[in-house]
Amino acid sequence: MRTVFIKYNPYRLVTEITIDGQPLKKNSKLNFEDRRLQEWVEDLPKLLYEECSTREFKIKFHGTLPDYEDMYAMAQDAKSRNIHITLQHIPAKEVKDKEKAIQEIFDEIQRGPFDELKQPDVKKAFQMARNSEFEVTVVGTMSAGKSTFMNSILRQKLMPAKSEKCTAIITEIKDNGKDDFRACVYDKDGKQIQTYSKLTYEIMQQLNQNPKVSRVRTEGNIPFVTSDDVSLVLVDTPGPNSRDPEHKKATYRALSQSSKAVVLYIMNATQLAVNDDNNLLKHVAESMNVGGKQSRDRFIFVVNKLDDFKMGEDSVEAAIKNIKEYLKDHGIENPNIYPASALTALNIRTILSDSCIDYDDDEIYEANGKVRKINRYEEMHFEKYAPLTPSARREAEQMLEKAVKDGDANQQALIHSGIVPVESAIRMYVQKYARTAKIKNIADTFTKKLESARSLEAVKQEISAKQDKKEEVLNQIEAIKKKLASGEEGKKFKKRIENINYDKEIQRLANEVINEAQLVIEKQLTSQDDHLTKREAEYVCQEFKSLVEDLKAEVQVKLEDLCSNCVKKHAEELLWQYKKKIQELAKELNAGSVEIQPFEMMEGAISGIADIENVLQEAEKTEMKHTIVGNHREYKELFGFRRWLNRNIGADFNVDYTVIDDYDWVENRYIDGNELAAKVFGPLQKSLYEVKNLAGDYAKEQTRIIKREFSKKFDQLDAILADKLKDLEKYAKESRSLEGMIRENYSKLAWLEWISQRVNDILEI
């Protein structure tokens, strides 16, 4: 048996591994570098076997509880491959401990001796990192019960839910912990058209039926999380049935590989294999196959309406097995399937718990009936089938034990309904990924600001220690100031910025996206029957229409990702150019005995403009506009057949007789499927190329804005550097006693060392 020690730090994304106390070789495949644990944990048994040529391991894991539970799942799965792992957990500091420490450090910095650390930009950076939003997008096909599910986790009826398609708008619900929901309503152009201080179910019904409304942004209480954990945003999408192209894009944007949002995919257990499902699942499979376990964790498949099954006739286990096979057929392996009855959970949390509202007797009777049914039949205890982590399963079991002990039938049915495990899965994902990333972002913000302050104080310390070199120092500072004031360096730098160009790359990548779509179209053009009846042609047209809309939405989302990546690449290039400018300046002027490092002094300020989204928010607002380049009409008469009067054969005999069919030539109209496909997809092909050109124009315009805004930002950075140089100049000329200056300088450096150590401790486990 080999003993393996693994220390994994999710805040720094650092993994340390030793085998029998010895470090790994440089060429070992177990050197995971800065990869997240969830990207390699499932491959660990195979890699250990290849490295050690044995199937017996004792792993000591030092890490957080959520990561340990992924290690535990790996060890259990390894048994099926005849690899036996004994696992020991060495606890680490958890997220909740660190969030409290972060607030304490921020408060200490605001009380500290450095005014530059109390500036609005520092406070803004801290608040942005702390309040960063985390999206949970809910998607599903018509009649899957998506709105009912949303209401069940909100614990009140807010989203309109009917048997037919009813979600016509995008609704974003941000958690702020307050009971009343306030809302802002926007039209298709993103213009705010209405506000509500208290949103209700009735108002939401009206908004859904209002063709002018495209999006509702609301804030209120999402009960299964706390607003202190992370700013959770539930996004209810109209899904693939929406007629609004922007709504379709929102759905595909959430499913795309670039998205980090959790996706709750609501499926109707009684109605699988619909075409809308097929289209969506294709995109889900593509996203899940990139990025390891984290990519799979972010997709939660909620199989709803299992309570509609009839005991003795239908099998829940068989249904889940069929769903796994169904998803596997779409390229989705090892899905996280959570069986549920959203309506049962909603009834318990509203009708059966809200005594302040008068409900209809039939509603109460039906709600109680569902509770009795789900409690009576053990097969409908859906929490048993949920892929919960050990800690989440223990939590559910403890809740159930308490409910049984208290004789609380409603609480028992709520746990059995499967909604509680889904809420637990979302919380686990937030804790494992979103909250650890938030802590690292805040710590990095602190560190860069502190390093800039430290660099300035270090120069002051050197000045104090070399009083005989005071004139030389002042000459250095003056030389740098003159360089900045002359504007020559700025002109050279801005010329470099203007010369950056990615037009050819944008066009190449956009062509790849369009070519992929073209292959889909060509497949449709060459696979159609050339003789279709009216009914067949109508069905084919519906299929074409759905495919056209999905394809356009998919292409637009891919092009948006392309543009976004292009803009980020530009921004990184601009930052690199500015850093190069500052480093060249330092190299040119640091010939004296005191080394002045403008780059280190500016690191904190430079990091403040690395957030591209923030830069764009402060810039002018632009949007990509799609032009209608043509249209096609659906001529129903094309699919019709001429109605001929049939010849009627009559008989007056009261005896048995034989009727002989009388045949005649009739006009047989048919539709050529290939010609039909060409008519439908022809305008689409033209519009796709038009969209590609618009995407290129959009990327160029965004790049122009980035260049302009970064030029402004870099002028501001030069001004900040000039202020720091003035501070150094003032310090060098300071007429106070040398002893007092040195004492103050040492005191500030000691404070910086102390506060920096506290920030570093945040990222340790």
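Biologist: Which element gives the largest share of the lining of the second largest pocket?

Modeller: This is a predicted model. In it, helix H3 supplies the largest share of that lining, with 7 residues. The second largest pocket is lined by 34 residues in total, and its volume is about 980 Å³.

Biologist: Which residues lie nearest the centre of the second largest pocket, and which elements give two or more residues to its lining?

Modeller: Nearest the centre are Ala 73, Lys 293, Asp 297, Asn 336 and Pro 387. The elements giving two or more residues are helices H3 (65–78), H10 (292–297), H11 (316–329), H14 (390–406) and H16 (419–465), together with strand E14 (336–339).

Biologist: How does the lining of the second largest pocket divide by class?

Modeller: Residues are sorted as nonpolar, polar or charged. Here the lining holds 19 nonpolar, 5 polar and 10 charged residues.

Biologist: H3 and H16 both contribute to this lining. At what angle do H3 and H16 pack?

Modeller: An angle from 65 to 115 degrees counts as roughly perpendicular. H3 and H16 pack at about 105°, their axes being 9 Å apart, and the two helices are therefore roughly perpendicular to each other.

Biologist: Which residues make the contact between H3 and H16, and of what class are they?

Modeller: H3 brings Pro 66, Asp 67, Glu 69 and Asp 70, while H16 brings Met 428, Gln 431 and Lys 432. By class, the residues of this contact are 2 nonpolar, 1 polar and 4 charged.

Biologist: At what angle do the axes of H12 and H16 cross?

Modeller: The axes of helix H12 (residues 342–349) and H16 cross at roughly 95° and come within 9 Å. H12 is therefore roughly perpendicular to H16. The contact joins Ala 342, Ala 345 and Arg 349 of H12 to Ile 419, Val 420 and Glu 423 of H16. Its residues comprise 4 nonpolar, no polar and 2 charged.

Biologist: Where in the protein is confidence lowest, and where is it highest?

Modeller: Confidence is expressed per residue as pLDDT, from 0 to 100. The mean for the protein is 76, and 69% of its residues reach 70 or more. The lowest confidence falls in helix H22 (residues 612–618), with a mean of 42, and the highest in strand E4 (residues 56–63), at 94. Over residues 609–657 the pLDDT is below 50.

Biologist: How many contacts does the stretch 609–657 have in the model beyond near neighbours in sequence?

Modeller: The model gives this stretch 75 such contacts.

Definitions and conventions:
Residues are numbered from 1 along each chain as its sequence is written. This is a predicted model: local features need pLDDT of at least 70, side-chain atom pairs count only at pLDDT 80 or more; totals for chains, interfaces and linings use all residues. Side-chain values use heavy atoms; hydrogens and water are left out. On a 1 Å grid over the protein atoms alone, a cavity is a set of points where a 1.4 Å probe fits but cannot get out, and a pocket is an open set with protein on both sides within 12 Å along at least five of seven lines; lining residues have an atom within 4 Å of a point. Grid points are joined across faces, edges and corners, and a volume is the space filled by probe spheres set on the points. Helices (H or I, at least four residues) and strands (E, at least two) are DSSP runs, numbered from the N terminus. pLDDT is the predictor's confidence in each residue, from 0 to 100. Contact means heavy atoms within 4.5 Å. Axes are lines fitted to C-alpha atoms, for helices over the stretch in contact, and angles run from 0 to 180 degrees between N-to-C directions. Angles under 35 degrees count as roughly parallel, over 145 as roughly antiparallel, 65 to 115 as roughly perpendicular and the rest as oblique.
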